[in-house]
Amino acid sequence: MTQTESADVVRWTRQDRVLLVTIDYPPVNALNVKVRAGLIAAMDAAAADDAVKAVVLVGQGANFIAGADIREFGKTPLPPPLPEVCARIEASTKPVVAAIAGAALGGGLEVALSAHYRVAIEGAKLGLPEVALGLLPGSGGTQRLPRLTGAEFALDVILSGRHLTPKAAQAAGVIDRVADGSDAAAAGVAYANELIDANAPVRPTRDAQGLADKAAAQAAIDAARQKVAKLRGLISPSRVVDAVQAAVDQPFDEGMRTERSFFLECLDSPQRAGLVHAFFAERESAKSPETREAKPRAFEKVGVIGGGTMGAGISVAVLDAGLPVVMIERDDEAVARGRANVEKVYDGLIAKGRMDAERKAAILARFSASTSYDSLKDVDLVIEAVFEEMGVKKGVFAELDRVLKPGAVIGTNTSYLDIDEIAGSISRPEDVVGLHFFSPANIMKLLEIVVPAKVSKDVVATAFELAKKLRKVPVRAKVCDGFIGNRILAVYRQAADYMMEDGASPYQIDKALREFGFPMGPFQVSDLAGGDIGWATRKRRAATRDPNARYVQIADRICERGWFGQKTQRGYYLYPQGARVGQPDPEVEAIIDAERERAGVTPRAFSDDEIVRRYMAAMINEGANVVHEGIALRPLDVDVTFVHGYGFPRWRGGPMQYADQVGLDKVLADIREFAKEDSRFWKPSPLLESLVAKGENFASLNKA
Ligand code: 3HC
Ligand code: NAI
């Protein structure tokens, strides 16, 4: 490739004795085929020009190189492969300096490791995050990094995928120096000139001696192998350890081939497809029609109404983002409780040594709590989290309507109530939006942004901006009973109850779903959340329930005994002395037997596979309905909701991505089969039927 052909993505200019090579491939200089070819051409140009005594590699814009081009994964690979590019750089007879600003991640760091010298400016992020995508470094990361830093450090960096600061990278020997200022190219050129003046040699990383102490390296590998054995289900972490083992056991070139073969194996795996899907899906879900069309309103001060479980958690999330919070509660006692709920979170961090009292005091200086709505006069955005009752919410909204300044954004954290009705009860429905946080709100990443009929676009855009500030993963939803997540949950939870009454024990169901990849099964989740909440909802809805629909009463029998889960030391499981991990309870099994008899059910055996198939079919089918009705914009929004709010295994991408991998025709066939026993519950979604008829999948709708 000549300079002209590659000029759009890799260009080079000679600055006296130094060839400055700039990678310019927006948005993040990913190593697309043109960049790879351009880098080889640049190295050829450096070799051919006698006036060039050293080469500097630099990224245009904010980043060095963010890694391989993730969009190329799964497509036919085009030459030159990245390992070849890295080999070409390392083989240069003229010193090569990588000058790093911003991200040098994955293949980006591997390019830098192939250079002979490395300099970074403040703010640079260096790392090998491939495991987060179901991969391992595929261009020498597992061979060169341990040679530079030793196996223990390299394994920690690769297995955690964490980003190193320039200082940490320098301390570990990953880079040679940290430069002042914000101009990486200038720092690189200055460094290159120093090297030329000092007659510094080329210094291939492949020759570095970090693995010379074989016993130390082996000990680190053995320890890492024990750790990854606990990561059930994931392939790539154990391949990382295998590849570092190869770095110790094999000569460099053979180690590179071993690494490559593991990389290609992982590249081909459904786990890689699931994790890459999750990566793009969460970036896509953060955009909405409103964020494209409207600018967010400015917000600097936030009000939170209610200091219970959610109000306190939301307050902490907002405080942690650096904003001031005014909390409103019903009376002085509730104000004190609300404040205590907030303080408890920080005290917990102090107890774990993750915060000191001074920092807590500094954060709480931004927090105030009051019974008077008048303290909200100057807030820009309010989040309501009071009892889940329409009357109470409307009372609160009337007060907000009275005191808030014009243009203040009003969010409600309601789980199920009709937000159109709440918004319609005040004089400014255009300012009202659903902000559905998940518990614990300061930790859980998901934020469903629920868009009522009359809301103005800039209010929705403000909600997305809030998510960004709070480092939440936003998903746009429309108003319906339960929005995206809880609506789908209600259906697959019912499928689990049916299986329990039909013969599977809750313990078998939980175990089958843990093995699928959920951190907990549905009955463990009930015990954690508290059975009383669902019980209260069921009692409230009893009058409107379809009398012909199947209703499993086991949960009611358990709740009637006051067994609400962990907080009462028994629910589906026993939690003696406040244990966090439950034990199966023979009395619960007896209750289930009695209920089966009362319902006239002859119990049958379920295989773990059937449990997963039924649970997933229910989830996927309702997910399809949610997309069909426009509650979720695309299938990927359902996926992001479940990965970030419901413990769905990220490496499976989400329920809709999983359905595509299984095959929609198979999922539909399952549903039709199950419908033979209960056609009221198992109704194929029209969207699923039409996709199968057209031979399409959910992914085709993500592109639309
Ligand atoms: N390939 C292709 N596109 C990428 C990309 C990559 N490696 N990294 C980011 N992008 C895209 C994003 O999809 C997004 O596109 P959009 O604007 O169309 O939505 C855009 O770049 C900006 O990304 P972010 O919104 O994430 O921007 P931030 O500034 O918040 O973050 C970042 C920048 C830190 C670089 C972050 O994007 C990131 O962590 N990227 C992934 C890095 C990574 O995992 N690299 C390893 C890849 S695997 C590899 O290198 C294999 C090798 O060993 C052979
Ligand atoms: P909670 O019962 O723990 O807290 C509610 C708080 O609101 C109480 O402290 C109460 O004193 C206060 N309150 C009641 N009326 C008030 C009024 N008129 N003015 C000021 N404060 C008032 O309830 P929780 O769990 O925090 O739920 C709050 C809201 O969040 C509900 O709408 C719920 O559906 C929703 N939600 C709950 C989740 C959970 O897991 N608990 C998850 C997501 C949403």
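1. One aromatic cluster is formed by F438, Y492, F516, F518, Y615, F642, Y646, F648 and Y658. The structure under review is a predicted model, and the comments below should be read accordingly. In total, the structure holds 18 aromatic pairs.

2. One of these pairs joins Y498 and F681 in an edge-to-face arrangement, with 4.9 Å from centre to centre and 75 degrees between the planes. The pair links distant parts of the chain, as its two members are 183 residues apart. Y498 belongs to helix 20 (residues 485-502), whereas F681 sits in the loop between helix 29 (664-675) and helix 30 (686-694). Both Y498 and F681 are buried.

3. A second pair consists of F516 and Y658. The centres of the two rings are 5.1 Å apart and their planes stand at 85 degrees, so the pair is classed as edge-to-face; the cut-off for that class is an angle over 60 degrees. Because F516 lies in helix 21 (residues 506-516) and Y658 in helix 28 (residues 655-662), this pair ties together parts that are 142 residues apart in sequence.

4. Are F516 and Y658 buried or exposed? F516 has a relative accessibility of 5% and therefore counts as buried. Y658 has a relative accessibility of 16%, so Y658 also counts as buried.

5. The domain assignment divides the chain into domain 1 (5-267), domain 2 (299-483) and domain 3 (519-603). The centres of domain 1 and domain 2, taken over C-alpha atoms, are separated by 44 Å.

6. Ligand 1 is surrounded by 27 residues, of which G107, E110, E130, R283 and K287 are the closest. A backbone N or O atom of G107 is 2.8 Å from an oxygen atom of ligand 1. The side chain of R283 places an N or O atom 2.7 Å from an oxygen atom of ligand 1, and the side chain of K287 places an N or O atom 2.8 Å from an oxygen atom of this ligand. On its own, ligand 1 has 990 Å² of accessible area, and the protein covers 76% of that area.

7. Which elements give two or more residues to the shell around ligand 1? They are strand 5 (103-105), helix 4 (107-114) and helix 12 (270-285). Helix 12 provides the largest share, with 3 residues. Sorted by class, the shell around ligand 1 contains 15 nonpolar, 5 polar and 7 charged residues.

8. G74 is placed in the loop between strand 3 (54-59) and helix 3 (82-90). With a relative accessibility of 63%, G74 counts as exposed, because the cut-off for that class is over 50%. The C-alpha atoms of G74 and R272 are separated by 9.3 Å, although the two residues are 198 residues apart along the chain.

9. Ligand 2 has 23 residues around it, and the closest are M310, E329, E388, K393 and S415. A polar side-chain atom of E329 lies 2.5 Å from an oxygen atom of ligand 2, and the distance given for a polar side-chain atom of E388 is likewise 2.5 Å. For N413, a polar side-chain atom lies 2.9 Å from an oxygen atom of ligand 2. The protein covers 78% of the 830 Å² of accessible area that ligand 2 has on its own.

10. Helix 14 (309-320), helix 17 (390-403) and strand 14 (432-437) each contribute at least two residues to the shell around ligand 2. The largest share, 3 residues, is that of helix 17. The class composition of this shell is 10 nonpolar, 9 polar and 4 charged residues.

11. A385 lies in the loop between strand 12 (381-384) and helix 17. Its relative accessible area is 13%, so A385 is buried.

Conventions:
Residues numbered from 1 in each chain as written. Chains lettered and ligands numbered in written order. Predicted model: local features only at pLDDT ≥ 70, side-chain atom pairs only at ≥ 80, totals over all residues. Heavy atoms only, no water. Near = heavy atom within 4 Å. Polar contact = N/O pair within 3.5 Å; in protein donor to acceptor, adjacent residues only side chain to side chain. Areas by Shrake-Rupley, 256 points an atom, 1.4 Å probe, with all protein chains shown as cover. Helix = DSSP H or I, 4+ residues; strand = E, 2+ residues; numbered from the N terminus. Nonpolar A, V, L, I, M, F, W, Y, C, P; charged D, E, K, R; others polar. Domains from an automatic or database assignment. Phe/Tyr/Trp six-rings, centres within 6.5 Å; stacked < 30°, edge-to-face > 60°. Buried < 20%, exposed > 50% of the residue type's maximum accessible area, 1.4 Å probe, protein only.
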